[in-house]
Each structure stands twice: as structure tokens, then as C-alpha cells.
Amino acid sequence: MSVFSVKVHCGGGELLLCAGEDKSILELLTAASVIVDAPCGGRGTCGKCSVELRGAVRSRDSGETVQAEGRLHACRFIPAGDCELWLDTEGEARIVLPDAVRTDGGGEGLGLAVDIGTTTVAAALYDLATGECIAEKSERNAQRSFGADVVSRMEHCRRGSFTELAEATRTQLAALFEDREGIRRVALVGNTVMQHLAWGLDPSDMAVPPFRPKSLFGFSAGSELWQDAEVYLAPCVSAYVGGDVPAGMLACGMDSAEGLWLYVDIGTNGEMALGDKNGYVTCATAAGPAFEGAEIACGMIAAEGAVDRVWCEGTELFAHVIGGGEAKGICGSGLIDAAAAMLRLGVLDRRGRLLDEEKAPVQLRRRFIRHDGVRAFVLRDGVFVTAKDIRKIQLAKAAIRGGIETLLQGRVPDGVVIAGGFGSYIDVRNAVEIGLLPPIPVSLVRQAGNAAAKGAAMLLNDGTAERLKALTESCSYLDLSSSKEFSDSYISYLDF
């Protein structure tokens with residue numbers, strides 16, 4: 001087998017890799033712990049693993065060898081000679097950390113609270129003697145080269161990549177803060193798959209019926225990552241409702257809530273709960289990564305350059321860009337706003353059909369273009385939404401709304417908590433307008449930010465683990481995959 005050299009330019013540095021004839025450029029980079037966004041998990045459908053490359057490559061699709069000089073998708077090409085490639089420097093994601101949480105104090109050493117999200121990892125370091133938060137850190141999940149959602153990542157584990165995924169997680173956790181030796185307590189929360197990978201357990205069994213996790217956690221143990229620490233892993237409700245949900249609910253006081261409360265964590269996985277202090281019914285929907293900007297033509301994370309807000313005044317359309325500079329793409333909150341604005345402008349109908357240019361108001365016709373043969377509508381500076389993007393928004397919001405309606409069964413909640421970093425930035429009125437949320441008064445809605453991270457910090461206190469255990473045990477799980485009510489609601493809410 002021939003061996004080639006691949007020089008990688010990334011972040012001002014260089015890395016020299018050896019390539020054979022079997023691994024794609026994406027697989028080569030991932031094996032070297034070089035993180036490249038690949039929301040589709042390397043299936044070639046999202047187009048997000050684009051790199052600048054010069055050299056001979058062989059197409060995985062056609063088998064043809066070409067001399068490349070320009071951008072190509074890293075998952076679709078295999079080095080066929082010495083190559084040189086350049087990776088884009090990514091912006092920092094806009095991640096909501098909770099308001100500073102004080103722990104009880106009176107302890108010794110440091111405490112570490114970590115929320116391992118599918119998309120982002122958020123952590124806070126505490127002085128256990130004073131209860132003060134002394135450092136916070138948030139970054140994108142290092143597993144993103146293996147896909148944007150847990151299903152893609154579990155499929156990679158089933159195909160033999162479990163070790164790589166687990167190592168990516170553990171390496172990221174180990175590097176969160178330098179003073180690991182001073183850490184005496186660690187609290188980890190995350191969805192069930194993330195907690196498996198963090199603890200070195202293979203989540204593959206959760207990808208196929210009967211969807212059985214190896215553990216639902218809820219215990220303390222030692223760890224080689226933090227050798228002098230007691231590590232607590234939050235209890236999970238089921239394979240698809242992890243420890244981050246009850247931890248977030250606890251942080252929002254839902255273990256003592258009066259009246260009927262709905263808790264919704266909107267992200268790649270739509271997890272939700274309905275009930276009161278006496279118990280909750282939980283469920284999870286596969287919303288997909290659209291609201292995280294993945295598999296959207298101009299989609300990106302909520303970082304500098306992302307269109308995060310869109311609105312119209314009369315027939316004029318306006319867009320806000322994070323950082324105030326050139327628009328580079330659009331993130332999830334911008335997509336919700338864009339759909340609502342396009343509905344109001346009349347360029348999008350309630351069934352999700354983007355109008356033909358000649359049928360649109362005259363002053364808006366210049367905004368219509370074609371991208372890869374598909375109609376698209378320009379929002380700002382070349383950032384646009386395509387007809388395919390609209391369909392993906394519909395599928396994502398129908399999954400979440402379908403889950404909500406299956407839980408509510410016609411009831412009206414006394415309060416709604418929207419959790420998660422993405423949920424902190426959505427315009428609730430626009431979310432109601434497009435049908436993502438039911439038609440409820442905005443006054444009933446509380447946007448809680450990263451409630452799971454706050455719950456993780458609370459777990460550093462004595463006695464909180466017992467409260468969380470009791471709340472988790474009061475939660476039942478509703479499997480939506482076998483629910484006719486969910487199927488009917490899902491279809492009903494595909495329209496805007």
C-alpha cells in the first residue's frame with residue numbers, strides 16, 4: 001500500500017500526517033484528533049466538512065483520481081498523493097452559561113461541574129471552601145467530527161469507532177482546566193449517550209431495539225481523569241432522556257412546582273417533561289440538527305458572523321449579525337425568525353412552499369435566487385434560506401411540537417420552561433408563529449438558559465444528589481416511536 005504525506009495548516013500551526021489508500025481526509029483528520037465539523041457523520045449529505053486542499057485525491061463516489069486545487073468535502077475524498085490542506089479557523093460559539101451559582105462552601109479543594117451537551121460542553125470550577133465560582137469555560141463538543149446528533153455517533157460506535165469517540169470526550173474533559181490535581185468533587189450531567197462516552201461505556205446498544213443503556217448512572221466513583229476526586233454522574237431517566245434533563249428541572253425548582261409545568265430542552269434532541277412536584281412524564285424527539293445550523297445551506301453555530309435575528313418592518317427585511325460584521329451564515333434562532341418573517345412578508349406559505357419569484361411582492365423579487373438548482377431567499381449579504389432548508393425547519397419543529405402536544409393532550413400548562421443555550425435566544429413569539437411552540441401567552445414562558453449546567457453546579461452541594469435521585473425516580477418515560485398521538489401530531493404540525 002502506498003503511503004502519502006498530508007500537511008495540515010490549522011490555527012497558525014502545522015501538522016504532518018501519513019495517509020494510506022483507505023481513509024478519507026475526514027477520517028484521517030479525526031484519527032489525528034483534528035476536529036472538523038461533519039454534521040452528517042461523513043455520509044456526504046451536509047457539505048460542512050469543506051477544506052481547502054492542493055494535491056492528488058481519489059473520489060469515494062466515482063473512484064476517479066484528480067489533481068485538486070480548491071475546496072472539497074473531506075469525507076468524500078481519499079489522498080492519492082502528497083497533499084497540503086488548510087482548515088478554517090472557527091469562531092467561538094455563543095453559549096449561555098447560567099447565572100453564577102454559589103455552592104454551600106465549607107469544603108476543601110475545588111469542585112468541577114460539567115454539562116456535556118451533544119453540541120457544546122460547559123464547565124464551571126468552584127472553590128469548595130467559599131462556594132465561589134472561580135472559572136467558567138464552554139466549548140464545542142469534540143465529537144462533532146462523528147456527526148451532529150447522538151444517533152450518528154452511536155452508529156460510528158457500532159461500526160468500530162467507540163474508542164475514538166470515548167477518547168475525544170475524555171481528552172476534552174481532562175483539558176477543561178489546568179489545576180486538575182486540586183479537584184476534589186466532580187459532577188457530570190449530559191444525555192445518556194454523552195454520559196456513556198464520558199464514563200467509557202459503549203452506547204451502541206441504545207441505537208437498536210430494545211434501546212437498552214449499559215447504565216442509568218446516579219452514582220459516585222473514582223476516575224483516572226481526576227484521581228483525587230469523587231465523581232458523580234447524574235441519574236438518567238431512559239436511553240433518550242439523560243441526566244441533563246432532571247438536573248435542569250431541579251435547577252428550575254420543578255421538584256417543588258405547583259400546577260402543571262412543561263419543561264422543554266430544544267436542541268439536536270428535543271427532550272421534554274410535563275407534570276408537577278408529584279411526578280413528571282418525559283419524552284424525547286429526534287428533532288435533528290437543523291436548529292444547530294447543521295445540514296442548512298448557510299447554517300452555522302451561533303458565533304461571530306451568524307445571522308441570529310431577522311425581522312420585517314412593512315415590506316422591508318432586516319437581519320442582525322453577531323459581532324456586527326459581515327454575515328457568514330445563519331444560526332438556529334435566526335432560522336426561526338427568518339421563517340416567521342417570510343410568512344409575514346408572504347414569500348412563504350403556511351405549507352412551507354417558497355413562492356415563485358414572479359408571484360412575490362415586487363420589492364422582494366431581487367431577494368430570490370437559485371442555489372444548486374433550488375429556490376432560495378436572500379436575507380443579507382449572500383446569506384440565504386433555501387426551499388430544502390425550510391423543509392428541514394418544518395421537520396424539526398414538527399417533531400418538537402408533536403412531542404409537546406402528545407404530553408399536553410389538550411391541557412394548558414400553568415408555566416413553560418425553555419432550557420438550553422439555543423432556547424435562550426429564540427424569540428418566543430416567532431416560535432409560536434411558526435408552530436414550534438403552542439399558542440400560549442409569552443408571560444407563561446421562562447427561558448432558563450443552560451439549566452443543566454446550573455444543576456451540575458448544585459450537585460457539588462451535600463444533599464442535592466438525593467433530591468435529584470428523588471426527582472428522577474418520579475419521572476416516567478413515554479416512548480413516542482410507538483405513539484399514534486405523536487404520529488398524528490407530527491403530521492399535523494408540519495405546516496407553519
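The legends below describe close-up views of a predicted model. Local features need pLDDT of at least 70, side-chain atom pairs count only at pLDDT 80 or more, and totals for chains, interfaces and linings use all residues. Residues are numbered from 1 along each chain as its sequence is written, and side-chain values use heavy atoms, with hydrogens and water left out.

**View 1. An open sheet of six strands with mixed pairing.** Helices (H or I, at least four residues) and strands (E, at least two) are DSSP runs numbered from the N terminus. Two strands count as paired if DSSP finds at least two bridges between them. Strands of a sheet pair through backbone hydrogen bonds, either parallel or antiparallel. The order here is β8-β7-β6-β9-β11-β10. β8 (133–140) and β10 (219–221) each have a single partner strand, so one side of each is left without a neighbour in the sheet. Neighbouring strands are turned by 15 degrees against each other on average, direction ignored. For angles in these legends, axes are lines fitted to C-alpha atoms, for helices over the stretch in contact, and angles run from 0 to 180 degrees between N-to-C directions.

View 2. Ser220 is found opposite Tyr232 of β11.

**View 3. The crossing of helices α4 and α9.** The axes of α4 (residues 244–251) and α9 come within 7 Å and cross at roughly 80 degrees. The two helices are therefore roughly perpendicular to each other; angles under 35 degrees count as roughly parallel, over 145 as roughly antiparallel, 65 to 115 as roughly perpendicular and the rest as oblique. From α4, the contact uses Asp244, Ala247, Gly248, Leu250 and Ala251, and from α9 it uses Ala451, Ala452, Lys454, Gly455 and Met458. These residues divide into six nonpolar, two polar and two charged. Ala, Val, Leu, Ile, Met, Phe, Trp, Tyr, Cys and Pro count as nonpolar, Asp, Glu, Lys and Arg as charged, and the others, Gly among them, as polar.

**View 4. Strand β3 with β4 and β5.** β3 (residues 50–59) runs antiparallel to β4 (residues 65–73), and nine bridges join them. Leu53 has Gly70 of β4 as its bridge partner. The hairpin of β3 and β4 has five residues between the strands, and Gly63 there takes a positive phi near 80 degrees. β3 is also antiparallel to β5 (residues 77–86), through seven bridges. In β5, Pro79 stands opposite Val57.

**View 5. An open sheet of three strands with antiparallel pairing.** The order is β18-β19-β20. β18 (368–371) and β20 (383–386) are the edge strands, each pairing on one side only. The twist averages 45 degrees from one strand to the next. Four bridges link β18 to β19 (residues 374–380), and Arg370 stands opposite Arg375 in β19. Helix α6 (residues 387–408) lies across β19 and β20, at about 65 degrees to β20.

**View 6. Arg144 in the loop between β8 and α2 (150–174).** Arg144 is buried, with a relative accessible area of 10%; buried means under 20%, exposed over 50%, and partly exposed in between (1.4 Å probe, protein chains only). The side chain of Arg144 reaches the backbone oxygen of Asn141 at 3.1 Å.

How values were computed
Contact = heavy atoms within 4.5 Å. Polar contact = N/O pair within 3.5 Å; in protein donor to acceptor, adjacent residues only side chain to side chain.
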